[in-house]
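Trainee: I would like to go through this structure slowly, asking at each step what a term rests on. Could we look at it together?

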Amino acid sequence: MNRDTPPPASRSWRDIPQQVKPRAMSSGGRRRLLIATLGWLGGLTAAAALGAGVWLVSESWRNPGSIPGAKPVPIRDIALVDPNGVLDRDWLVRTLALPPGATLGGLDLPGLRARIMASGQVAEAALFRIYPAALSVHVTERAPVARVMGQADGRSPHPFLVARDGTVYDGVGYPPAVVSSLPWLAGVKLERRGPGFAPLAGMAARGARPGAADLLAQAKLEAEHLYRTWKVVSLARLDSDGVIVVRPAAGPTVTFGTQEDFSRQLAKLDWLLDTLRARGTGASAIDLSLAYGGSHQVTVTPGPADQAQAAPPASAAVPAFQLLSHPIPSVPREF
């Protein structure tokens, strides 16, 4: 062998050609495979049939009208469930206006819900079919916090109610005493939207800035003796200056700022009115919105002394005001 010739590469048994054919499956093996396949398919079919049967039974239980040959039953009861406001079942029946002989299966639930929501007094509504012949309706009402004068549908101007989120609506079922106790809104613009009005800007909070509804709710909760005297709440300077101006039935006009907690401003106002009354000093305006050197101050504009006598007496015990154990920050006017 020539030394320059490389040795032959080593060979493996895998390089040897294999002439043996794979063994064919026996007839018994094929039979067993067929039986297993048929059994698997049969089990799958049985499971599907069982599921379909359960669904049909449940559907027929929930909706008897879906059973072939079943006769539809006219609706016999319309229920207003867990109402949270002044709306009652009579209002619901009038609003739904279902035709005589109406059945549950023939109801257009989305359309009926739209009827209930159309007035604006209802914030949320849900309708449920209760077979064989009952309709259950759940509603969540808005609560009014103010009034505004407006005109719609060609009618003469009349009061509309305003909810915390700014929704403007006619209002149904409220006692006259409740409506007359609400303050009027000024400095707002009513814009038509469909058959009604768009929500009023400035009522609900916007980002970190509170809205007029927050002031009204805080005053009613913590200083109702002051809130009862408020006749007009103006939002004319809310966007430009960030203030809300309140004109009571008697006493000074009050300006609230949106940069300080309303609770603290109400406490300052209550303390100041008591001080004015005790000293027989009148005021035509009180501004709680001013800030000097990073702290909020109070400015009092002098007025006739008889305004102090016309101001409402302070409540004997108001827990929120007991927190004000120190005088308010410097008052530019000397008493």
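Trainee: In which helix does Leu38 lie?

Mentor: Leu38 lies in helix H1, residues 27-62, where helices are DSSP runs of H or I with at least four residues, strands are E runs of at least two, and both are numbered from the N terminus. Please keep in mind that this is a predicted model, in which local features need pLDDT of at least 70, side-chain atom pairs count only at pLDDT 80 or more, and totals for chains, interfaces and linings use all residues. Residues are numbered from 1 along each chain as its sequence is written, and side-chain values use heavy atoms, with hydrogens and water left out.

Trainee: Why is Leu38 called exposed?

Mentor: Its relative accessible area is 52%, and the word exposed is used for values over 50%, buried for values under 20%, and partly exposed for those in between, with a 1.4 Å probe and protein chains only; Leu38 is therefore exposed.

Trainee: What makes Glu124 and Arg113 a salt bridge?

Mentor: The closest N and O atoms of Glu124 and Arg113 are 3.6 Å apart, and the rule asks for a side-chain nitrogen of Lys or Arg within 4 Å of a carboxyl oxygen of Asp or Glu, so the pair qualifies as a salt bridge. Glu124 lies in strand S2 (residues 122-130) and Arg113 in helix H3 (residues 109-117), so the pair ties together parts that are 11 residues apart in sequence.

Trainee: Why do both of these residues count as partly exposed?

Mentor: Glu124 has 48% relative accessibility and Arg113 has 32%, so each value falls in the range between buried and exposed.

Trainee: What makes the length of helix H8 close to the expected one?

Mentor: Helix H8 (residues 262-279) has 18 residues and reaches 26 Å from its first C-alpha to its last, close to the 26 Å expected, where the expected span is 1.5 Å times one less than the number of residues. Among the buried residues of H8 are Phe262, Leu266 and Leu273, and after the helix comes Gly280, whose phi is positive, near 65 degrees.
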